[in-house]
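Subject: Structure for your files

Dear colleague,

Here is the structure I said I would send. My notes on the pocket, the surface and the charged pairs follow below it.

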Amino acid sequence: MDRLVQQIEKMKPFFEKVSRNKYLRAVKDGFVAAIPVILFSSVFMLLAYVPNIFGFYWSESVESLLVKPYNYSMGIVALLVASTTAKNLTDSFNRDLPAQRQISGVSTMLAAIVGFLLLSSDAIEGGFGSGYLGTTGLLSAFVSAFLSVNVYNFFIKNNIVVKMPEEVPPNIAQTFTDLIPFSVSTLLFFGIDQLIRYLFDANFAQAVIEMFQPLFSAADGYVGLALIFGAMSFFWFIGIHGPSIVEPAISAIVYVNLDANLELFRQGEQAIHSLTPGIQHFVATLGGTGATFVVPYMFMWLSKSKQNKAVGKASVIPTSFGVNEPILFGAPIVLNPVFFIPFIVAPIVNVWLFKFFVDVLGMNSFVYFLPWTTPGPLGLPMGTGFAMWSFVLAVLLIVVDVLIYYPFFKVYDRQKVEEEKRTAAEEATKTHDDVSTSPEVEQEVQDKPVAEDNVGEPLELSEQEEVNVLVLCAGGGTSAMLANSLNKGAKEYGEPISAGAGTYGGHYDIMQEYDLIVLAPQVASNYEDIKKDTDKLGIKLVKTSGVEYVNLTRDPEGSLKFIKDILKEQ
């Protein structure tokens, strides 16, 4: 097993490169920007249709009223994602362009929207159709974003633009700078639209959906689910944020399926599509990637090792809400050969059980989108519209995951107990040797402070009025843990520091407000990319390792000292 892990670790640089791919990153960050819209719209679906479970039905007028906010938000989500994806891809291209020749993010967003409408909307009397502006148009949204930004990059990079005299104000000059790339981009999409309609007698969005339908079906099967969520766990095991690689590849499928499930549910039929955001958040990654919901409870209640018991107690609350970095790096589970098999197997077994309940027992699949921080045992029933079988499945998943992890947990706990016994024996021997020292030396040892840092004294972090620190992670949960620790320490010791938490990809518009950016372990592989941005702005940047990060989240004073040392070094 050790050899296997070593071989896997050798592949890490390649997978890190894949996770930093600007197109995959743009898709992921584009969706992150649209999450508030998706969550907002889901609230109205819950209000409109959850009462049906209890035999209460709104009148048609009230139902139409409740559904309207959904149609005007989720109903155009592809159009919104086209713009947000274009904006994030533009930011990536701008890192490699000189400061005086940057692509306008606003302009590429507009170009992507226009291109998306050309590819996805049919002309109808009085305007254009909205049938493919929602989830079914997501693949077209990505195409419009990628093409439009690449067109802009070509013209801006090669300075093929309308040049204005120096006397013209910059905002007016920028309008003319964008004229050629915007025109070429729009004409390109118009040409593609006409070609696809001629060949397939359908718009681009419809043609793409029909083309990829076999792939959608395969991904929703037992093998497809195993490959998707097994890969997600595999990447995390070697220390790379798995969802960053896998999610962009399946993002269109999961939201198309979710929308299809909701429509089936509204019509009183079974929601049959398994591959949705809910199966990832509340089944495959129950408690975080690797289906680790049960692990901190096992560490806390069943460990004989003092260290494991302490790690379990510290990890149980965040893991219950889907933030499992404390157990992943605190145990550790990542790159720990003992946990390789259960970390990969548990998510696969979970999704297979879920699909069995849907296909064989007739349980509804997920019809609602819920925040990923919703505890899995609650998110499963809520997301499936409180399907009766979902309560049974929620309990069964916990039992099965305990059975999968338990043998490996016992092996690891036994190892830690042996390590603690050896450490205790070595300390006892050392203590015995210390007894033979002179009374003066013994008194000096006793009088020596426990830690070199003066606990409780101001750390004198900086001479600035305030140091603003931004902590970034993949989803905003892990970064909040360190930000809270820093703010707590700053308040306790009266230090001039203010920390905020954010997601990598959503930081571009706010990073200039900070003096230091800290990357959590799961986004540390993006260090070289973001450093291009921070160097331009004169912002300090630091990345962290797993165990180091977990320790900082638990130690307010230590986290302050960490920031102090970074500010001194750079």
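Helices here are DSSP runs of H or I with at least four residues, numbered from the N terminus. Please keep in mind that this is a predicted model.

The pocket

The largest pocket has a volume of about 770 Å³. Its lining is made up of 34 residues, and those nearest the centre are Glu247, Gln280, His281, Trp372 and Gly475. Four helices each supply at least two residues of that lining: H3 (22–49), H12 (242–266), H13 (277–284) and H21 (477–493). Of these, H12 gives the largest share, with six residues. Sorted by class, the lining has 16 nonpolar, 15 polar and three charged residues.

The surface

Helices H17 (340–359) and H19 (388–435) each supply at least two of the patch residues, and H19 gives the most, three. Tyr222 belongs to helix H11 (residues 222–237). Its relative accessible area is 34%, so Tyr222 counts as partly exposed.

The charged pairs

Side chains of opposite charge can pair when their charged atoms come close. A search of the whole structure finds 12 salt bridges. Three of them are described here.

Asp96 pairs with Lys22, with 3.7 Å between the closest N and O atoms. Asp96 is partly exposed at 47% relative accessibility, and Lys22 is partly exposed at 26%. Lys22 and Asp96 are also linked with Lys532 in a network of salt bridges.

Asp359 and Lys355 form a salt bridge at 3.0 Å, N to O. Both lie in helix H17, four residues apart, which is about one turn of the helix.

Lys561 and Asp565 are joined by a salt bridge, their closest N and O atoms being 3.1 Å apart. These two residues are both in helix H24 (residues 556–569), with a spacing of four residues, about one turn of the helix. Lys561 is partly exposed at 27% relative accessibility, and Asp565 is partly exposed at 26%.

Regards

Key
Residues are numbered from 1 along each chain as its sequence is written. This is a predicted model: local features need pLDDT of at least 70, side-chain atom pairs count only at pLDDT 80 or more; totals for chains, interfaces and linings use all residues. Side-chain values use heavy atoms; hydrogens and water are left out. On a 1 Å grid over the protein atoms alone, a cavity is a set of points where a 1.4 Å probe fits but cannot get out, and a pocket is an open set with protein on both sides within 12 Å along at least five of seven lines; lining residues have an atom within 4 Å of a point. Grid points are joined across faces, edges and corners, and a volume is the space filled by probe spheres set on the points. Ala, Val, Leu, Ile, Met, Phe, Trp, Tyr, Cys and Pro count as nonpolar, Asp, Glu, Lys and Arg as charged, and the others, Gly among them, as polar. Buried means under 20% relative accessible area, exposed over 50%, partly exposed in between (1.4 Å probe, protein chains only). A salt bridge is a side-chain nitrogen of Lys or Arg within 4 Å of a carboxyl oxygen of Asp or Glu.
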